[in-house]
Amino acid sequence: MTNLTAVKNIALVAVISAMAACTAPQPGAEFNDPYEDTNRAVHGFNKGLDRALVRPAGKAYGAILPDPVEQGVSNFAQNAGSPGDVVNNVLQGDVGGAFTNTFRFVINTTVGIVGLLDVAKAIGLEAEETDFGETLHVWGADEGAYIEMPFFGPSTERDAAGTIVDLFLNPLSYVLPSPESSYATFAKAGDLVGQRDRFASTIDSILYESADSYAQSRSLYLQNRRFELGGDNDALFEDIYEDPYDE
């Protein structure tokens, strides 16, 4: 079985699962959260992992790496993920987004020194980031029940299926030889640790200062995700990874 065939099979399973198995909400319920007991247990695990490992790693990452180096890692990770965005753009029928992300990838990979510099953004070409969860949304899959995934955090049944597919969707992981094919993964992990430090005050306020960190995380995730997908444009939302002091 070729890598392309494997990806197609994974995508097919995800589509079938997302469209056929999404849990319908209870009438009148504010949140579709039938797995709350399990979700809270997973949230407790994720919170303990953050306290013991992720938050200290984020502080060390921010203290050790100079800002330009940290920004370079973030740029490289975003650029390496662009081909996956292009695939999702195409699957969504978003020709403009596919062109923009392809052009960005070419510019940043060449002029931007394999993506360490975001030259495309400097000339006004902003990334149009997307994922397979959004692709499923475009294809008509329901949101499904809210779930919290170990390590990955807040999600929904539809977005969880999308997360699994996205792990295999980036063409670079199949065309680059080893160990080059793993560089993007390490850069993405480093960028996530860096985000934990950059947005520490916001994340800490949710996880450690709110009366119910689970309910707070659930509310913010669902509002922000629905806003991103255009399903709740009038709702107030706050991205849990958005720095409130970032201009």
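Phenylalanine 151 lies in the loop between strand 1 (146-149) and strand 2 (153-156), where helices (H or I, at least four residues) and strands (E, at least two) are DSSP runs numbered from the N terminus. The phi angle of phenylalanine 151 is near 75 degrees, a positive value in a residue other than glycine. At 63% relative accessibility, phenylalanine 151 counts as exposed, a class that begins over 50% relative accessible area, whereas buried means under 20% and partly exposed covers what lies in between (1.4 Å probe, protein chains only). The structure described here is a predicted model, in which local features need pLDDT of at least 70 and side-chain atom pairs count only at pLDDT 80 or more, while totals for chains, interfaces and linings use all residues. Residues are numbered from 1 along each chain as its sequence is written, and side-chain values use heavy atoms, with hydrogens and water left out.

The secondary structure of the protein comes to 11 helices and 2 strands, and from the N terminus on these elements run in the order α-α-α-α-α-α-β-β-α-α-α-α-α. Of the 247 residues of the protein, 38% count as buried. The protein exposes about 13700 Å², of which carbon and sulfur atoms supply 61%; accessible areas come from the Shrake-Rupley method with a 1.4 Å probe, and for residues only the protein chains shown count as cover. Among contacts in the protein with a separation of 6 or more, 69% are accounted for by residues 24 or more positions apart, a contact being heavy atoms within 4.5 Å.

Two further backbone features are found in loops. Isoleucine 113, in the loop between helix 4 (95-110) and helix 5, has a positive phi of about 55 degrees although it is not a glycine. The peptide bond from serine 178 to proline 179 is cis, with omega near 5 degrees, and proline 179 has its place in the loop between helix 8 (172-175) and helix 9 (180-198).

Side chains of opposite charge can pair when their charged atoms come close. A search of the whole structure finds 14 salt bridges, each defined as a side-chain nitrogen of Lys or Arg within 4 Å of a carboxyl oxygen of Asp or Glu. In one of them, glutamate 36 pairs with arginine 218, and the closest N and O atoms are 4.0 Å apart. Because glutamate 36 lies in helix 2 (residues 36-64) and arginine 218 in helix 11 (residues 213-228), this pair ties together parts that are 182 residues apart in sequence. Glutamate 36 is partly exposed, with a relative accessible area of 27%, whereas arginine 218, at 10% relative accessibility, counts as buried. Both residues also belong to a network of salt bridges that links Asp33, Glu36, Arg40, Asp212 and Arg218.

Arginine 225 takes part in two salt bridges, one with aspartate 131 (2.8 Å, N to O) and one with glutamate 228, in which the closest N and O atoms are 3.1 Å apart. Glutamate 228 and arginine 225 are 3 residues apart in helix 11 and are therefore separated by about one helical turn. Arginine 225 is buried, with a relative accessible area of 9%, while aspartate 131 is partly exposed at 21% and glutamate 228 is partly exposed at 45%.

The largest nonpolar core has 6 residues, namely Phe132, Leu136, Ala141, Ala161, Val165 and Leu169; such a core is a set of buried Ala, Val, Leu, Ile, Met, Phe, Trp, Tyr and Cys residues joined through side-chain atoms within 4.5 Å. Helix 6 and helix 7 (157-169) each supply at least two residues of this core, and helix 7 gives the most, with 3 residues.

Leaving aside its neighbours within four places in sequence, arginine 104 is in contact with Gln78, Asn79, Asp118, Ala120, Lys121, Leu125, Glu126 and Ala127.

In helix 9, the buried residues are Ala187, Gly190, Asp191, Gly194, Gln195 and Arg196, and what covers them includes helix 2, helix 3 (67-91) and helix 10 (200-208). At 1.5 Å a residue, the 19 residues of helix 9 should span 27 Å, which agrees with the 27 Å between its end C-alpha atoms, the expected span being 1.5 Å times one less than the number of residues.
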